[in-house]
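Reader: I'd like to understand the labels used for this model. Could you take me through them?

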Amino acid sequence: MELEFESLPDWLLVKTSHSVPTYWVDVINDFLQVIASMFVVRGRETVLVHMYNRGDRLLFEVDYPSHFCAKKSAVDVIRQVFSQMSIHAHACLGMSDDIGQKVRVFKVATGQGANVARHPETAERIKATVEKIKQTGEFRPLKAPPRDWVRKLEMLRESFPNFASVIDLVVAPHMGILAKGGYHRQSPMLLVGPPGIGKTHFANALASTMGLHGALFINIAEETNAASLGGSSVFWANSAPGKLFELLAWGDGGNSPVANPLVILDELDKPTATQYNPVASLYTLLEGDTASRFVDQGVPDVVLDASSVRFVATANDASLIPEPLLGRMVVFHIAHPTAEQLRGVVRAIYADLIDRTRLPLKRELPDVLIDAAKGLNPREAKMRMECAIAKAVSAGRDCVRLSDWPDFPTAASHGRRSIGFTG
């Protein structure tokens with residue numbers, strides 16, 4: 001979010017490293033006013049306040065000119081007091097309906113790296129990461145479903161009717177247990193089906209249904225090694241933790257860190273790397289017992305409990321995925337929507353496009369356009385819908401007509417065989 005600070009002197013500068021929820025705005029403004037009253041700054045000197053969002057608390061750092069060093073003790077006390085206040089604000093407002101119990105995600109392994117030869121820069125980076133984990137704590141909250149999760153699931157089922165078995169057999173039971181305050185590990189899922197059927201679109205929509213602002217998206221076809229999931233080894237001078245570690249540790253631009261984020265593994269059947277297997281870490285991460293003792297290669301001094309992470313993978317051909325990996329997932333073969341189901345899918349795609357583009361168009365789609373999309377897969381229907389919307393808007397109309405519908409070749413007309421799967 002874009003923070004709006006109360007009036008501050010020109011010499012007081014503020015920096016944030018992550019998104020800051022609205023329930024902390026008052027705490028931040030009060031802290032800044034106190035800091036502003038402590039210093040009398042002249043000339044070109046500045047006081048810089050850093051704020052770090054650590055999920056359940058704010059951390060403050062204050063950099064000031066050296067001649068104010070006598071104020072260090074007072075500043076440290078104020079930082080601690082306001083950090084505690086931020087925890088209270090989070091407990092009262094930030095955890096009202098979508099944050100559940102906390103679970104231990106990180107365990108600092110004392111002395112583990114003491115006898116390991118490391119490049120000085122690598123050793124310093126690992127040390128800094130470990131210290132950061134100690135400051136933010138080893139526990140992370142479980143993200144509970146939003147209060148209206150039942151309604152959201154119904155909307156998801158209406159938008160993706162051919163994914164009903166996925167919702168009914170895996171997603172709904174998982175969210176139901178979490179909504180009652182229980183602990184449950186959602187089974188890793190593999191969605192198999194032809195290109196353009198909506199697998200990735202469904203996975204992204206699932207994140208919203210779960211109350212998340214987004215998911216960690218990893219396209220396996222583009223990965224050249226296993227670093228995204230497992231980090232890069234300290235053997236390399238430029239080693240670094242993986243995206244999964246950072247998501248669990250610090251969250252991302254839209255999400256505070258939680259123990260059970262969603263990870264989308266797109267095109268699991270298309271790894272292109274030959275020297276380093278990009279899916280190697282999945283053999284550990286997809287099993288609950290081994291995932292609870294996962295070690296990122298970039299931070300070998302920290303044991304990671306990733307057993308609560310939710311995984312959804314997509315593929316066109318399950319036969320190209322190693323059997324030991326398939327055995328760790330619930331595999332759903334997604335069929336093309338029926339003609340009747342596709343009518344609902346087309347309506348949902350159109351409504352989603354209207355919401356995303358924020359254009360002043362009528363939300364009702366004429367039946368003739370729905371009929372025009374009957375023979376298309378969801379991806380092709382969406383592409384044509386975007387063209388039709390653009391034509392309508394360019395013509396100054398608030399509705400889409402059949403004349404706006406583009407006529408260009410479909411995948412089937414290029415000789416691709418239509419494939420159907422039953423779920």
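Predicted model: local features only at pLDDT ≥ 70, side-chain atom pairs only at ≥ 80, totals over all residues.

Reader: What makes Phe60 count as buried or exposed?

Author: Residues are numbered from 1 along each chain as its sequence is written, and side-chain values use heavy atoms, leaving out hydrogens and water. Buried means under 20% relative accessible area, exposed over 50% and partly exposed in between (1.4 Å probe, protein chains only). Phe60 has 3%, so Phe60 is buried. Phe31, at 0%, counts as buried too.

Reader: Why is the pair of Phe31 and Phe60 called stacked?

Author: Rings of Phe, Tyr and Trp (its six-membered ring) pair if their centres lie within 6.5 Å; planes under 30 degrees apart count as stacked, over 60 as edge-to-face and the rest as tilted. The ring centres of Phe31 and Phe60 are 4.1 Å apart with planes at 25°, so the pair is stacked. Ring pairs also link Phe31, Phe60 and Phe82 into a cluster.

Reader: And what makes the pair of Phe160 and Phe163 edge-to-face?

Author: The planes of Phe160 and Phe163 stand at 90°, with 5.8 Å centre to centre, and that pair is edge-to-face.

Reader: How do you know that α4 and α6 are roughly antiparallel?

Author: Angles under 35 degrees count as roughly parallel, over 145 as roughly antiparallel, 65 to 115 as roughly perpendicular and the rest as oblique. Helix α4 (residues 149–159) and helix α6 (residues 199–209) pack at about 165°, and they are therefore roughly antiparallel to each other.

Technical notes:
Axes fitted to C-alpha atoms, helices over the stretch in contact; angles between N-to-C directions. Helix = DSSP H or I, 4+ residues; strand = E, 2+ residues; numbered from the N terminus.
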